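Colleague: I am new to this structure and would be grateful for a guided discussion. May I put some questions about it to you?

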Amino acid sequence: RLVNLRRILPPLLLIRLLLLLLRNRSKVKAAVMLVNIRRLFLFTMFFCGLAFAGPISALNGFLDWMDSCELASLDTNYVMPHKQWWRIAYINSFSNTNMNVRSFEPMYGVEGNLNAETRLHLAGSVAFRGLGYTYTYDMDHQDMSMMFNYYGNVFGGEILFNRTKSMHGPLSIYNWLELEEELYGLVNTDVDVEGSDMSYYNVLTDFYVVLNDEKFSFPAALGYSHLQKKSAGSIILGGGYVYSGTSVRNPALQYIWGGLKHFSIREAALGAGYGYNFAYRLGAEHYLLFHFSLVPLVTVWNYYDDHYEEYQEDASFKERDSDETTWLWDDITNDEIQIIWMFRNSLNYNYKNFFAGMNSFFARQTLSKGDDLDYEVDLWILRAFVGVRF
């Protein structure tokens, strides 16, 4: 069946409204912002195309099958799906990335703490059934994030892309450097890293399986496609894959850091946690929902890789790569279990087809190689949103 035209017009009207708002800004900022709005517009059109595909779409068929399986076991006294397929939301977002690194080798070492700038970002979200896309825009063009997600009652997951060029902070570096002609010595250097010196990006993929899917609803708390009518909790099984990459962009900093150009860490993890939805009915069709969930994931595999340009006596540079892979049983032997922490909470208000609220996401990635390497990255995102279903 074809989706009625009324399901397509609202996102088009929203895009039109955003374009009109651009006229109140300077031409330079409007031009930069328009590029990012176009990205959101293209993804909106993509989801609209999914709706037009109707029953001949394999995706729609799969989602129909998922809905039928969900309704077969769903306790509608606790959870009720909304009839509307579409959701759009405007979001104000704050985010921060914090990195602690300590690495020591015979020829060089580094220790310090780096932080990204914490500032207000504008974001937009569009969702079709259980599928959603969110894009976050930074006026200074230093930070960017976007997320694809599927939130179902039984299982779901997210893919979050995050990038920042505003990392700054103090680093203490020791390295063997050329002091005089043909003479090398150990040099300790304190460096204040600026935003233009480094760039950091990560890809975080996670999935969940809810054991009490009859009464506890993840999409009610995070996707706003369901309504949680009574309070309920559930044990949550989870897994994830995290890729973190850091590039040293400043040649002077590369030289002080022993020729380091790039290092990356990849981790795969499995675990379990718990989530709970506190549901309150404020009046006829007025509902308030508070959600929290904590899912620690134990790393079963990780991979560390770095890329150097070594300075030679003939003033040339020789590139080299180093990498190290560790499995879970290796960490158990060394008593160094790595854990990825994922915490979410949200507070949302629902009235008919309108929803609004706040949510937060926190993830901590750790990697330790005994006395040689300690690495910890914290990512948190705080969002305030308002949206409609149709």
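Colleague: Leaving aside neighbours within four places in sequence, which residues is S247 in contact with?

Modeller: This is a predicted model, in which local features need pLDDT of at least 70, side-chain atom pairs count only at pLDDT 80 or more, and totals for chains, interfaces and linings use all residues. Residues are numbered from 1 along each chain as its sequence is written, and side-chain values use heavy atoms, with hydrogens and water left out. Contact means heavy atoms within 4.5 Å. Beyond its neighbours within four places in sequence, S247 contacts D197, M198, S199, Y201, K261 and H262.

Colleague: Is S247 buried or exposed?

Modeller: S247 lies in strand 12; strands (E, at least two residues) and helices (H or I, at least four) are DSSP runs, numbered from the N terminus. Buried means under 20% relative accessible area, exposed over 50%, and partly exposed in between, with a 1.4 Å probe and protein chains only. Because its relative accessibility is 18%, S247 counts as buried.

Colleague: How far apart in space are Y241 and N302, C-alpha to C-alpha?

Modeller: Y241 is placed in strand 12, residues 232–248, and is partly exposed because its relative accessibility is 33%. Not counting residues up to four places away in sequence, Y241 touches several residues, including V203, R266 and W301. Y241 and N302 are 61 residues apart in sequence, and their C-alpha distance is 9.5 Å.

Colleague: Which residues gather in a patch of positive charge on the surface?

Modeller: Patches consist of residues with over 30% relative accessible area and no salt bridge; like charges are joined within 9 Å, and nonpolar side chains (Val, Leu, Ile, Met, Phe, Trp, Tyr) within 5 Å. A salt bridge is a side-chain nitrogen of Lys or Arg within 4 Å of a carboxyl oxygen of Asp or Glu. One member, R281, is found in strand 13, residues 260–283, and is exposed because its relative accessible area is 57%. The patch of positive charge is formed by K215, K229, K230 and R281.

Colleague: What is the area of the nonpolar surface patch that includes M358?

Modeller: M358 belongs to strand 17, residues 354–368, and counts as partly exposed because its relative accessibility is 44%. Together, F94, L120, M358, W380 and L382 make a nonpolar patch of about 420 Å².

Colleague: What percentage of the residues in the chain is buried?

Modeller: The chain has six helices and 18 strands. Of its 390 residues, the buried share is 48%.

Terms used: Accessible areas come from the Shrake-Rupley method with a 1.4 Å probe; for residues, only the protein chains shown count as cover. Lys and Arg count as positive and Asp and Glu as negative; His and the chain ends are not counted. The place of a charge is taken as NZ of Lys, CZ of Arg, CG of Asp or CD of Glu.
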